[in-house]
Each structure stands twice: as C-alpha cells, then as structure tokens.
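Here is a short report on one protein model. Keep the structure in view as you read.

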Amino acid sequence: MKRKKQFILLGIIAVSLLAACGKKTEQAPTGQTQAEEAVDFNMVSEQTEYEGFTQEKITEKAVSREALFSGYAAALQDTYENFRLPDAVTISPTAIYKQVEIVQESGFTENAEEILRMFLGDELSEQLEFSDYSEMRNQATLVIDSDEEKVYCAVKDCGFVSVIKPSGYEIGFGGNLEIVDIVHVDRGEPLSQSYALMDGEESIGEAVAYIEEWMNQNWAIWEPDFTYRVKTVEVRRYGDNYIYDFDVEKLFKGIPLDDSFGGTGMAVVHGYLEVKYIGSTISIRMCNRNSIDVFTNGTGILRVQSTKEEEDGWLSLSDCTHMLEQLFSEYVIYEISDIEMQYVLCPDYDSVRELGSYSYNSPGLRVLAKPVWCFVMDVPEEKLLNEDGSFTAGYQKHYIDVDMRTGEVWLELE
C-alpha cells in the first residue's frame with residue numbers, strides 16, 4: 001500500500017511584521033482583535049501520494065546522519081525530470097537533530113532599559129521614558145514613540161524588540177522604497193559593490209561584516225543558543241542616496257531556522273489566530289555607515305530547551321527531490337535557485353492556551369523545530385518590476401520544504 005502524506009498549500013497572506021507602508025511595526029494600537037482582522041485564514045490541505053515511494057521504500061531508502069551530510073553534493077548532479085537543481089549549494093552543519101524543543105522568552109520587558117541603551121547609548125536613553133501598552137497588547141509591552149527625540153522603541157515580554165534610532169526615524173520600517181539591487185550573501189555572491197549611504201560610501205561586504213560582528217557579539221547576549229549571519233541584502237534608493245536592508249538568520253549548530261514567516265498557513269481557533277509555522281528572521285536597516293538605524297527581531301527571543309538525536313532514518317536530498325517530482329506537473333520545469341537544510345518552527349498552542357489570550361508570540365510558547373530540506377525558487381525578475389522598471393518591495397523567493405524524517409511537504413508558491 002502506498003503511504004499517504006499530508007500536502008499543505010500555504011498561500012501568501014498579508015501578514016508581515018515589517019509594515020509595508022507604515023513607519024513603525026508597533027504604532028498606536030487599535031481596538032481590533034486578531035480574529036476580526038481582514039485576513040484570509042484558510043489553510044488548504046489535501047492527501048496525496050508519492051508514486052513509487054511506499055512507506056516500506058521510504059524506510060528502506062532512509063540514510064544515516066553521516067550519509068545525509070556527505071551525500072547532498074552528489075544529489076545535485078543527479079537527473080530529475082522536472083527539477084533543475086543548482087550546481088552547488090553551501091551547507092555546513094555541525095550537528096542535526098530530529099527535533100529541537102524551543103521556548104519563547106517570557107518576562108523580557110524587565111530588560112527594556114538595557115535594550116534602549118544598547119541601541120541609543122546612555123545619554124539619549126536617560127531622556128526617554130517608556131509608556132505601558134500592556135493592556136492593549138495582551139502581554140506586557142513597553143513603548144517609546146518620541147517625535148521630539150525621533151526615537152521609537154517597543155519591547156514585549158516575549159522578547160519582541162523594535163527600535164528606530166534618530167538617524168533612521170524619517171525612513172523607519174517603510175518598505176515602499178525602490179530596490180535597486182538584491183545580493184544573496186548566503187550563496188556567495190560578490191559583495192564588493194559600494195553605494196553612497198547617508199553619510200558616505202560603504203561596500204556591501206564591509207556592511208555585512210559589521211552587522212555579523214555586532215549580532216554575534218551583542219545580540220547573542222539575549223539569544224546565546226544561536227549564531228547569526230546575513231542572508232540577503234536589499235539595496236534601496238532613498239533620495240539621492242541608498243540604504244541597506246539586511247535579513248539576518250539564526251543558526252543552530254550551523255543550520256538556519258526557517259525565515260519565511262509572513263506567507264504561512266493560518267486559522268482562527270476558538271477566536272484566536274493560530275499561525276501554522278513561524279519564522280525567525282531579524283531585519284536591520286542601515287542608513288549610515290556601520291550603523292544599525294532600524295532593528296526588529298520579528299517575533300521574539302527563543303531559548304533551546306532540549307534536543308532529540310537520531311543516527312538513522314534520514315531522507316536524502318536525492319530521494320526527496322524524486323518524491324517531489326510526483327507532486328508537480330511534468331510539463332513544467334522548476335528552476336531551484338538554492339537548497340538548504342533548515343528547521344521549520346511549529347508552535348504548540350496547547351502550551352499557552354490556558355492563558356486565555358494567546359498568539360504566535362505569546363510569552364512561554366513552546367515551539368518544535370523540525371529539520372527539512374528547503375528548496376528555494378527565486379521569483380523571476382520580471383514579476384518584481386514596477387511599470388517604471390524599478391523593483392517592487394515584497395517577496396523575492398518561493399519555498400518548498402520536505403521533512404527529512406517523514407517526507408511531509410509544505411509549499412509557499414503563491
């Protein structure tokens with residue numbers, strides 16, 4: 001009997017922690033609840049089969065952890081009917097686990113003053129005072145929004161942090177600035193090109209080095225279980241100058257946590273919004289040389305609680321690709337730009353349901369990280385262009401994730 005697998009289609013939905021048009025992610029709250037927001041909450045799921053891959057065959061083909069690490073390079077040279085894989089990928093894990101149990105931070109607002117000093121320094125921080133927005137946010141939330149000092153800072157108990165310094169206040173989080181270049185640092189693309197920032201010219205390579213050093217020396221104080229690296233740099237035009245936007249990923253033992261939050265499945269359960277999968281990307285905007293002018297960690301701070309190891313029973317990249325061929329049209333060629341090992345983050349809402357009010361960023365939320373092969377498809381450039389030929393702001397990638405243990409597939413293709 002052929003084994004049936006769950007096949008979940010995750011439609012792109014209008015949820016992003018970086019406001020596309022607004023300046024701040026945590027501006028004055030409204031009375032609207034999550035359940036009332038105009039969002040498409042439907043999750044489409046169906047049962048499908050891998051032709052020729054019965055449960056017995058999948059078990060038979062499963063490889064050891066050592067073979068998983070060493071065999072992916074050969075899989076890139078294999079022949080597939082409707083998939084074109086890249087010639088090379090960069091995968092450098094030091095360990096992989098069948099499951100990582102993570103807990104979201106709680107009680108983090110007690111560090112709000114220290115967060116402020118980290119970004120603004122002592123002198124300016126002493127002039128500012130947090131306001132309490134806890135009642136409106138369903139968790140302890142402290143906010144500073146000063147037009148006079150041109151500072152914005154929000155800190156939640158779950159470890160969510162959002163900061164705008166005076167140097168970035170007029171720009172803020174706005175995503176509607178023209179993109180003139182996208183550099184995939186994680187793919188080894190050249191970083192030597194330079195652009196004129198607000199206070200002078202700096203190469204992308206110099207800026208990336210600064211951000212990574214700062215993150216691994218400073219932010220690692222708050223999330224010591226991970227290392228940090230820049231994944232993508234978007235160069236945006238701002239007047240006669242440019243700014244750099246960095247997507248910074250967290251890695252656990254050399255494997256990144258999933259970063260595709262914003263296009264994940266959603267549902268309303270008992271009146272509460274439940275996101276199927278969450279991401280972990282940290283977003284940084286650099287307006288001046290070697291400066292973090294706008295910062296947000298997106299969801300919250302994560303703490304690794306435990307790991308589960310397994311030597312055998314892993315699905316190889318080659319077998320996962322051949323299984324995917326059974327799910328996709330044979331008349332279309334799918335050009336894969338990159339392949340990664342990742343951990344998909346699955347919230348366990350039962351762990352916080354008793355709070356009476358919960359969400360994907362509830363303090364103390366239990367999150368299970370599951371290892372996947374992540375197939376990345378870049379959106380064709382012509383689909384990212386405005387009528388004037390400039391890049392749009394928005395998604396530049398689509399994702400196909402295949403669970404390395406079960407073969408379950410998650411898609412983000414819309």
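A residue counts as buried when its relative accessible area is under 20%, and as exposed when that value is over 50%; anything in between is partly exposed. The model is predicted.

**A covered helix**

Start with helix α7, which spans residues 317-325. Helix α7 is mostly covered, with 8 of its 9 residues buried. Among the buried residues of α7 are Leu 317, Cys 320, Met 323 and Leu 324. Ser 318, Asp 319, Thr 321 and Glu 325 of α7 are buried too.

**The whole protein**

The protein has 414 residues, and 54% of them are buried. Its secondary structure comes to 7 helices and 24 strands. The protein exposes about 18200 Å². Carbon and sulfur atoms supply 44% of that area. Now take the contacts with a separation of 6 or more: 73% of them join residues 24 or more positions apart.

**How confident is the prediction?**

The mean pLDDT of the protein is 81. A value of 70 or more is reached by 78% of its residues. Where is confidence lowest, and where is it highest? It is lowest in strand β1, residues 4-9, at a mean of 27. It is highest in helix α6, residues 204-217, at 98. Over residues 1-48, pLDDT stays under 50. For that stretch the model has 135 contacts beyond four places in sequence.

| Residue | Relative accessible area | Class |
|---|---|---|
| Ala 154 | 0% | buried |
| Asn 288 | 17% | buried |
| Lys 253 | 39% | partly exposed |
| Asn 290 | 39% | partly exposed |

Ala 154 is found in strand β7, residues 151-156. Ala 154 and Thr 141 are 13 residues apart in sequence. In space, their C-alpha atoms are 7.1 Å apart.

Asn 288 is found in the loop between β17 and β18. Why does Asn 288 count as buried? Its relative accessible area is 17%, and the cut-off for buried is under 20%. Which residues does Asn 288 touch, leaving out those up to four places away in sequence? They are Ser 167, Leu 197, Met 198, Asp 199 and Asp 293. Gly 200 is 88 residues from Asn 288 along the chain, yet their C-alpha atoms are separated by 7.4 Å.

Asn 290 is also found in the loop between β17 (282-286) and β18 (294-296). Lys 253 is found in the loop between β13 (241-252) and β14. Now look at the backbone angle phi. Most residues other than glycine have a negative phi. Phi of Asn 290 is positive, near 45 degrees. Phi of Lys 253 is positive too, near 55 degrees.

**A cavity inside**

How many cavities of 30 Å³ or more does the structure hold? It holds 3. The second largest cavity has a volume of about 70 Å³. Its lining includes Thr 90, Ile 91, Ser 92 and Pro 93. Arg 229, Gly 254, Ile 255, Pro 256, Glu 340 and Met 341 also line this cavity. Strands β14 (255-256) and β21 (338-348) each supply at least two residues of the lining. By type, the lining residues divide into 5 nonpolar, 3 polar and 2 charged.

Technical notes
Residues are numbered from 1 along each chain as its sequence is written. This is a predicted model: local features need pLDDT of at least 70, side-chain atom pairs count only at pLDDT 80 or more; totals for chains, interfaces and linings use all residues. Side-chain values use heavy atoms; hydrogens and water are left out. On a 1 Å grid over the protein atoms alone, a cavity is a set of points where a 1.4 Å probe fits but cannot get out, and a pocket is an open set with protein on both sides within 12 Å along at least five of seven lines; lining residues have an atom within 4 Å of a point. Grid points are joined across faces, edges and corners, and a volume is the space filled by probe spheres set on the points. Helices (H or I, at least four residues) and strands (E, at least two) are DSSP runs, numbered from the N terminus. Ala, Val, Leu, Ile, Met, Phe, Trp, Tyr, Cys and Pro count as nonpolar, Asp, Glu, Lys and Arg as charged, and the others, Gly among them, as polar. pLDDT is the predictor's confidence in each residue, from 0 to 100. Contact means heavy atoms within 4.5 Å. Buried means under 20% relative accessible area, exposed over 50%, partly exposed in between (1.4 Å probe, protein chains only). Accessible areas come from the Shrake-Rupley method with a 1.4 Å probe; for residues, only the protein chains shown count as cover.
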